[in-house]
Amino acid sequence: MRTSSTYAPVPQHSEKKRESAANCLRRENCFQMSSESEAAHFSNTPDANSTAEESHTAVGGEDMQLVKEAVRSLPSPAVKDLMSIGVCMRCIFRLLGVHGHVYSWSFPSSTEMRAMLGEPTCPEEHIVVSSLKGGEDKKNSSSYEDLEVEPETCSICLGILQFIYYDAKGLMVKKGTAISLALSISEQIKKEGHQLDSFSLEVSIPTVIQENEHIVHLYMKRKYRSELWFEERFSKCISTKEVLKFAMTNSLEKLLDVKSGPSSCRIRLTYAQTKPSSTVPSSVERGEGCKRRKTGASPVFDSVNDKLVDASNDCFHLSTTKGNALGESSSNGLEDHESSECIIFPEDKVNDPCHLVFLCYRTPIYLGGRYLKFSRNVSQTRWMIDDERMGEASVEEIIGGYILPVCHGDSYKFHAAGREDIDVRMLGSGRPFLVEIQNARHVPSEALVKEIEININNLNTQLVLVKNLKMVANEGWTLIHEGEAEKQKQYCALVWISRPLENQDLQSIASLKDLQILQKTPVRVLHRRSPLEREKIIHWMKIETIAESSQYFLLHLCTQAGTYIKEFVHGDLGRTHPSIGSILGCRAEILQLDVTDVKMDCFLAE
């Protein structure tokens, strides 16, 4: 009969200890093999969400037996010790290297768990040694009746593996099992209209959880490192993130009826430590760092301190280390004091559940093609000056504004291989473009893309026309930018000169091949462009005369990408040289300009 909470270890023969440890490992292997049958049981569960949740919210006979096997495979003193310092059962299982589907199940009640722990797994092992603070003698402090089998919030994972969290409204939610949380997530995904053919699960947790785990590991190492099972067990430790991803992935695959793997559709769970405020934040910005919350001493870690040897011994105070969570200095400090007589847990630990933000999103999808612009009052992108719109519409809004609602996306971005001024038409084969849809909930089929093209062209044929629209992968972005730097462009300009055009002028212009010109940044764009000098090439030119007009003509030319055509015609007060005016020896003005071809290989008719 136990009369004190402090016991001396029962002397053990080394051979018996090795045999005991082997028995433990054999039981664990049996559990891992039995988890395969549990997987089959899981896969045979009905697809209906309500049925799926009901079948996993309670531990059935088969699951109970597997839990018993898992518990009995573990060193009983270590399990009871971890339970007594507020570690949840899922964390106990992962710390001690238990694998299988046990993390997806609902765990037994406290009474059932005590019954499982009633008989130690390995009778040869010594009973748990409880260290007391300052020599206090608390009778039966480690008895089964006094153990907190499942703490309110785990002192390591902060409720993550208990599926307890604060929601966006600051309310505490207790799901209890992976399937319950997965059910909420799947319902939200369907409510938002996401169409999935696969998914990848992303999980972000506070770094303080790694620190908590490291502290407990050092505590257990100091106490049990002489045991044969210690190195074997803790070498198989599974991280909180891996356990959560394993449990949630299995459940989500069943509820969403799709497989997980590399995918453009991401399901992201972001757990953030509760901020140092009495009010829980209603939302967490993506990418925000974890913020530490300082409160009074955590009761869980206080209980650990109560069980440690008197603090007057050579103790290492973790609260004196500097660094963020498990930072470099903190980690080194922990390692340097592994041999300390005791570990004093810091008093600023947060023991509240984490704040969970769920997000389902798709990486951007791209639709590419070529556009033609027939109006001289339509800009390429939306153009506003002092809250006043310039032009009657924009290519961006006509094309992107129609595609976005079809894909049910959050927003779109319009990218094109260069741009033309608002008063310049885009003719010929058109200009290559990409529409980037952010978080598209629906990916259009090839037939739907063709329908989108037809509908855009029927909106207003006097403004914009779309050709060769198609879904493209990320390489479409590369094609746009590579072609933008290397392309050649052809133009047709209506030009007026201050003297009559002569036949010699036609010949002198046509004879110029690969003419190099030097252009300073045009006066008209100096307010938004750097004042630079650029060398450009005019590959060829020819003049087309206009009947009954001696001073007006059409200038056809092919130039290097980035050439300012208007300035090449009139000279821009001498800032472009040579120019049509300087070549002809007269004043020249451009009246109208059309782009007739953009020589790029992408998005051409197949």
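The model is predicted, so local features need pLDDT of at least 70 and side-chain atom pairs count only at pLDDT 80 or more, while totals for chains, interfaces and linings use all residues. Residues are numbered from 1 along each chain as its sequence is written, and side-chain values use heavy atoms, with hydrogens and water left out.

Ser198 sits in strand β3, residues 198-204 (helices, H or I, of at least four residues and strands, E, of at least two are DSSP runs, numbered from the N terminus). With a relative accessible area of 17%, Ser198 is buried (buried is under 20% relative accessible area, exposed over 50%, partly exposed in between, with a 1.4 Å probe and protein chains only). Beyond its neighbours within four places in sequence, Ser198 is in contact with Val258, Lys259, Pro262, Ser263 and Cys265, contact being heavy atoms within 4.5 Å. Gly261 is 63 residues away along the chain, yet its C-alpha atom is 6.9 Å from that of Ser198.

Now for the backbone. Most residues other than glycine have a negative phi, and most peptide bonds are trans. Glu548, in the loop between β19 (533-546) and β20 (549-560), has a positive phi near 60°. Asp572 also has a positive phi, of about 55°, and lies in the loop between α17 (565-570) and β21. Glu548 is exposed, at 88% relative accessibility, whereas Asp572 is buried at 7%. The peptide bond from His577 to Pro578 is cis, with omega near -10°; Pro578 belongs to the loop between β21 (576-577) and α18 (580-584).
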